[in-house]
Amino acid sequence: MTGSALDVVGLVKSYSGRRVVDELSLQVRPGTVLALLGPNGAGKTTTVEICQGFRSADAGSVRVLGLPPRDPALRPRIGVMPQAGGAYPGLRCGEMLHLVAAYAAHPLDPDDLLERLGLQEVARTAYRRLSGGQQQRLSLALAVVGRPELVFLDEPTAGLDPQARHATWELVEALRSDGVTTVLTTHLLDEAERLADDVVVVDHGRVVAAGTVHELTSRGSTGQLRFASTPGLDVDQLLMALPPGCAAKESPAGQYLVEGPHGAAINPQVLATVTAWCATNDAMAADLRIESRSLEDVFLELTGRGLRP
Amino acid sequence: MTAWAPGALVPRPGAAPLPRMLAAQTVAELKLVLRNGEQVLLSLVIPLGLLVVLVTVPFIPVDGPRADFFVPGVLALAVMSTAFTGQAIGVGFERQYGVLKRLGVTPLPRSVLLLAKTLAVLAVELLQVTLLSAVGLALGWDPRGHVLAVVALVVLGTAAFSGLGLLLGGTMRGLTVLAAANLLWFVLLVLGGVVFPISAFGGAAAALELLPTAALSSGLRDVLVDGVGLPLQSLVVLAVWAVLSLGAASRLFRWE
């Protein structure tokens with residue numbers, strides 16, 4: 001696909017014989033925000049680091065703004081916010097930002113950027129004495145100060161307080177309004193839901209779902225009914241009583257999920273059937289709620305509930 | 001926090017002119033060295049203290065005036081401290097903290113980064129030589145020889161020690177670098193003709209002369225004490241160390 005800000009096709013990367021990225025392909029449209037989601041160890045950071053030129057691919061092709069990742073011409077055009085670190089511990093916050101600004105031909109005003117990210121108070125504080133959240137915000141400032149066309153943000157709001165998280169989100173939204181492309185790696189599904197135009201869910205090095213947030217959350221049923229009750233109730237009996245096209249399951253034990261007929265919203269008949277079935281089984285339905293699917297539901301459905309190492 | 005004005009973040013990528021990057025990076029590298037207490041201790045406080053003690057307290061016997069023997073040795077120590085020990089430790093921790101990795105995705109070329117580090121080392125050395133010479137002269141030092149021969153020795157010595165420092169700092173973990181660099185500093189201080197004449201080591205002296213610290217201290221003594229015009233053996237030993245260490249560093253250096 002031509003015209004993508006980032007174009008990854010059939011990417012493969014193995015570490016000591018284990019494939020951590022397995023035939024992964026994704027495209028990012030210019031001027032949009034793409035959220036790369038996936039459990040720990042899914043291959044997100046490896047993928048992003050190959051795009052940034054830190055690692056080489058075993059197979060597949062990567063084009064960043066139409067260029068190979070290690071092309072030096074790319075350096076001024078991209079901004080990178082790594083997951084942690086990346087600043088001289090002995091330089092002051094403001095000095096570090098001014099230093100990186102000095103690498104760029106037309107940088108943003110570093111002092112203005114410090115103020116907007118709430119760092120003006122600590123501009124004269126050594127990097128190693130900043131709090132984790134302040135280091136994160138400086139790292140974000142370092143990624144954007146050179147006025148790049150494409151920024152990679154690796155978990156930009158991890159560990160931030162709500163104010164700082166909103167300041168970060170506002171910056172990402174302003175970047176998009178001004179035509180900057182953003183590739184966002186995140187664990188926070190509400191962050192992806194709010195910021196991303198497109199979402200790619202990665203697991204075991206492969207893309208397991210891709211689309212807009214709306215496409216992913218509206219895929220399958222849009223209406224759900226959840227409740228907690230006695231574990232081990234006869235779900236088949238409930239399915240027979242429900243209107244045709246409904247789905248019902250118990251997962252995990254004691255947590256029940258009912259989806260509306262053929263993807264439609266939960267209707268009064270479905271609700272009445274569920275409560276009647278509970279009554280038949282002499283079981284209470286607790287914490288009963290009707291909701292549409294969130295990105296988190298989609299994510300857990302795709303990648304499972306098992307904890308990752 | 002005020003909202004972003006539309007258009008404030010419109011991309012306008014471009015690399016700054018190389019001289020501007022070099023100037024900014026050199027200033028930053030210098031600040032990092034001069035603010036780091038351990039580096040200042042290693043490059044300035046210890047050499048100055050050693051010089052004063054060695055010249056004024058006669059516990060190590062030497063031939064001729066004490067200042068004439070010890071100033072060249074301490075100058076060699078100062079060059080080693082800055083170019084080797086300081087650089088190795090600095091680079092080791094910069095790698096550990098992900099600084100070099102981050103700089104690798106900015107427009108700053110690696111060659112400019114290394115040049116800035118070299119300029120910062122030379123600036124610190126200029127400060128060291130000035131202070132040590134002033135203290136030496138106050139203690140009765142009577143230097144001979146040509147200043148160009150001294151410059152040649154210091155430049156080649158800096159190249160050799162920088163190569164070794166980048167090799168050590170660029171291949172091992174931060175704490176390993178710290179331990180190894182300080183240990184080597186001490187070993188070379190003892191065996192490198194800084195505090196004892198190399199002749200004190202008897203049969204091993206010829207082999208010790210091949211150490212970079214010994215080559216630099218002996219060369220500086222040949223020039224500054226005996227007025228030798230071209231201390232060929234020392235220059236050759238330092239040049240070989242420079243070629244080998246810089247060659248190995250450029251092959252083995254890891255940026256993260």
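**View 1. Strands β3 and β8 of chain A lie side by side.** In this predicted model, A:L37 stands opposite A:V201 in β8(A). Strand β3 (residues 33-37) and strand β8 (residues 198-203) of chain A run parallel and are joined by four bridges. Two strands are said to pair if DSSP finds at least two bridges between them. Helices (H or I, at least four residues) and strands (E, at least two) are DSSP runs, numbered from the N terminus. Residues are numbered from 1 along each chain as its sequence is written, while chains are lettered from A and ligands numbered from 1 in the order in which they are written. Local features need pLDDT of at least 70, side-chain atom pairs count only at pLDDT 80 or more, and totals for chains, interfaces and linings use all residues.

**View 2. Six strands of chain A form an open sheet.** The strand order is β5-β6-β7-β3-β8-β9, with mixed pairing. At the edges are β5 (78-81) and β9 (206-212) of chain A, each of which pairs on one side only. On average, neighbouring strands of this sheet are turned by 15° against each other, direction ignored.

**View 3. Helix α5 of chain A packs on the sheet.** This helix (residues 162-177) touches β3, β6 (150-154) and β7 (181-185) of chain A. Contact requires C-beta atoms, placed from the backbone, to lie within 7 Å. The direction of α5 makes about 145° with that of β7(A); axes are lines fitted to C-alpha atoms, for helices over the stretch in contact, and angles run from 0 to 180 degrees between N-to-C directions.

**View 4. Helix α10 of chain A lies across β3, β8 and β9 of chain A.** Helix α10 (residues 295-303) runs at about 30° to β8(A). In α10(A), A:L295, A:V298 and A:F299 are buried (20 or more other C-beta atoms lie within 10 Å of a residue's own). They are on the same side of α10(A) because they cover an arc of only 100° around the axis, taken from the directions from the helix axis to the C-beta atoms. Just after α10(A), A:G304 takes a positive phi of about 80°.

**View 5. Chain B meets chain A.** Here 30 residues of chain B are in contact with 39 residues of chain A. On the side of chain B that touches chain A, α1 (18-35) and α4 (99-103) of chain B each supply at least two residues. The largest share, seven residues, comes from α1(B).

Terms used: Two residues are in contact if their C-beta atoms, placed from the backbone, lie within 7 Å. A residue is buried if 20 or more other C-beta atoms lie within 10 Å of its own, exposed if 12 or fewer, and partly exposed in between; C-beta atoms are placed from the backbone.
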